[in-house]
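Q: Hi! Could you walk me through a structure I just opened?
A: Happy to, let's bring it up.

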Amino acid sequence: ADDGYQLWLRYAPLDKAASARAGDIGSEVVTASRSPTAKITAEELTRGLSGLLAKKVASGDAIRSNGAVLFGTPKDSPSIAGLALPLERVGSDGFVIKSAVVKGKRVTVIAGNTDVGALHGAFAFLRLVQTGAALDALDVVEAPKVKLRMIDHWDNLDRTMERGFSGFSIFNWWELPGHVDPQLVDYARAEASLGINGIVLTNPSGLTTAVSLTEPWLKKAAALADLFRPYGIKIYLSARFSCPQELGGLKTGDPLDPQVRAWWKAKADEIYRIIPDFGGFLVKANSEGQPGPQDFGRSHADGANMMAEALAPHGGIVIWRAFVYSPKPEDRVKQAYNEFKPFDGQFADNVVIQVKNGPLDFQPREPFSPLFGGLEKTPAGIELQITKEYLGFEIHLVYLGTLWQEVLQSDTYAKGSGSTVAHAIDGSLFHNKLSLIAGASNVGTARNWSGSIFDQANWNAYGRLAWNPDADARAIAEDWVRMTFTSDPAFVKPVIDMMMQSRETAVDTMTPLGLAHQMATGHHYGPGPWIDNVGRPDWNPTYYNGADKSGIGFDRTPTGSNAVAQYHAPLAAIFADPNKTPEPLLLWFHHLPWDHKMVSGRTLWDELALHYARGVENVKAMQATWARMKPYVDAERWQITADFLAMQYDSAVEWRDASIAYFQSLSGRPLPHGVPAPA
Ligand code: GCU
């Protein structure tokens with residue numbers, strides 16, 4: 001049986017053709033480096049090559065045979081230093097992989113400026129072997145485009161995970177720091193294989209984030225920092241703005257109060273005594289009821305800069321979230337921009353603003369947040385949600401690589417055309433010193449880590465895009481399929497095709513044509529387009545769909561909330577015109593009559609109904625594809641996926657019938673041909 005525990009690091013024996021292509025490459029692993037990181041690298045290479053080549057591969061400190069894999073840094077290895085590799089291009093985290101001749105032997109060299117760079121290179125090399133690439137003339141030069149490649153754990157410290165659908169937290173706080181679960185070594189390997197270099201251990205929402213900054217908890221975090229350090233990963237913690245009051249007994253948390261500032265400085269000093277290479281704070285302030293500087297009449301900049309001042313002497317940074325909104329008459333999707341744009345340029349050097357990909361909240365589809373391209377003098381990092389809060393939890397098969405690529409390749413036009421979100425967040429557009437990408441983790445105690453096998457692909461794709469935001473979602477999916485399952489073409493192509501359309505299926509199922517936030521209250525799994533009684537208008541699905549007898553959609557043009565004005569030209573004008581707005585975003589920006597004519601020539605009502613119906617049809621097609629894949633997958637991983645697809649089918653039917661029934665009660669129009677009447 002195979003429970004999926006090994007993720008994409010399976011190292012199963014290569015098929016005959018790939019193994020013949022590999023020839024004698026991988027005959028032995030050689031390094032002159034002695035650091036803990038180098039030891040990990042040697043172990044990973046010998047483990048990986050032994051598995052893939054189905055023979056015992058040994059490691060040593062001298063090249064003995066053709067096909068040796070030599071890894072390390074020019075500092076430790078005169079052989080690597082002698083090769084004149086272009087290491088000046090790869091920074092501290094990147095690597096060079098090159099086929100070369102050293103001491104008369106054919107070798108594959110994996111070199112970094114640091115041992116961590118070489119570790120990343122080792123994982124990249126193993127990926128090439130696993131995916132059946134030609135290995136005899138390698139010449140790879142890679143450096144990550146984004147500096148801070150973060151995984152955020154929304155860990156509540158009681159083993160529960162905010163929006164976690166994969167069991168409990170993998171961090172057993174009760175046993176830490178005395179016992180560090182060896183499973184976390186496998187976790188660190190998985191993150192390092194993607195080049196992740198920062199992990200936020202704690203949920204930025206809620207009271208527990210204060211507790212995590214007390215000494216006993218800092219010691220637990222320190223034990224984790226020790227574990228992750230050789231993998232090139234730093235530890236960060238969420239910081240609750242009211243800590244000076246809650247932990248320090250102060251009467252205020254006012255960021256301009258000298259006592260408050262002194263409290264944070266002392267706290268930072270304490271943290272760095274316990275965790276010398278601590279990364280910094282993640283902060284959710286004045287959002288969803290969390291305390292923040294506005295409670296004291298101060299701005300986000302005042303708050304962030306106070307913490308930044310405390311961390312700066314130690315080299316720490318503040319990651320300040322822009323996910324802010326409160327119940328006020330102003331359109332919720334405009335609030336973050338309005339709260340941050342006026343302070344652009346006023347944040348300290350060691351502050352990054354972390355912006356969710358869309359202006360609302362991790363919906364199946366949203367336009368990109370106008371803060372990308374909007375913040376020009378302050379680094380804006382992007383926050384993605386790997387855990388699928390609004391996309392069917394672990395049950396629905398939804399590959400998010402395409403969603404993220406769509407956002408990252410969106411043009412902000414901040415500096416004319418070509419000013420993509422990817423280039424805004426990687427720092428190249430505005431020449432920022434700091435750049436950041438963060439993913440809210442989907443990892444838990446489930447044996448398969450992510451709840452479902454296909455959600456492992458989202459973790460993987462997130463990491464690959466964090467390394468290179470311009471990477472291609474299909475190519476990433478292909479690597480993942482080959483590493484996770486098999487390179488058999490009878491499996492690879494249909495499964496990638498299934499993954500590539502899966503996100504559009506989620507959109508059709510839940511929120512077609514630019515609708516958003518139609519999920520039932522609280523849990524966000526099933527349909528709730530009719531819900532209007534949550535108590536806060538900005539949490540009601542009816543607020544977002546605006547459906548009535550006259551039509552459907554949210555008017556964000558100048559006749560409505562004018563959110564379009566937050567985008568640069570020409571987008572503002574494109575989004576303001578229903579005939580120019582791309583149809584997938586139509587109802588996000590416009591309230592339109594049910595009979596509005598669509599590109600297809602059909603009415604908006606007919607088109608909407610057909611999208612819901614297509615959602616169901618496409619899940620059925622995924623089930624059929626997966627049924628055909630049974631011969632190529634072990635029974636356990638095949639079954640869980642088949643079971644979940646059956647559950648997804650039921651869910652899609654419910655979404656279709658419930659949404660159509662509700663909207664039809666307003667549109668009063670008959671169903672188009674091909675759409676079954678709601679059960
Ligand atoms: C969403 C989600 C919350 C989460 C919040 C956040 O609103 O439903 O559970 O805390 O996002 O990102 O802070």
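Q: In what order do the six strands of the open sheet come?
A: The order is β2-β1-β3-β5-β4-β6, with mixed pairing. Strands here are DSSP E runs of at least two residues, helices are H or I runs of at least four, and both are numbered from the N terminus; two strands pair if DSSP finds at least two bridges between them. A quick caveat: this is a predicted model, where local features need pLDDT of at least 70, side-chain atom pairs count only at pLDDT 80 or more, and totals for chains, interfaces and linings use all residues. Residues are numbered from 1 along each chain as its sequence is written.

Q: Which strands stand at the edges?
A: β2 (58–60) and β6 (139–142). Each has a single partner strand, so one side of each is left without a neighbour in the sheet.

Q: And how do β4 and β5 run?
A: Antiparallel, with seven bridges joining β4 (residues 95–102) to β5 (residues 105–111). V96 stands opposite A111 in β5.

Q: Switching topic: at what angle do the axes of α20 and α21 cross?
A: Roughly 170 degrees, for α20 (residues 604–628) and α21 (residues 635–667), and the axes come within 9 Å. Axes are lines fitted to C-alpha atoms, for helices over the stretch in contact, and angles run from 0 to 180 degrees between N-to-C directions. That makes α20 roughly antiparallel to α21 (the cut-off is over 145 degrees).

How values were computed. Parallel < 35°, antiparallel > 145°, perpendicular 65-115°, else oblique.
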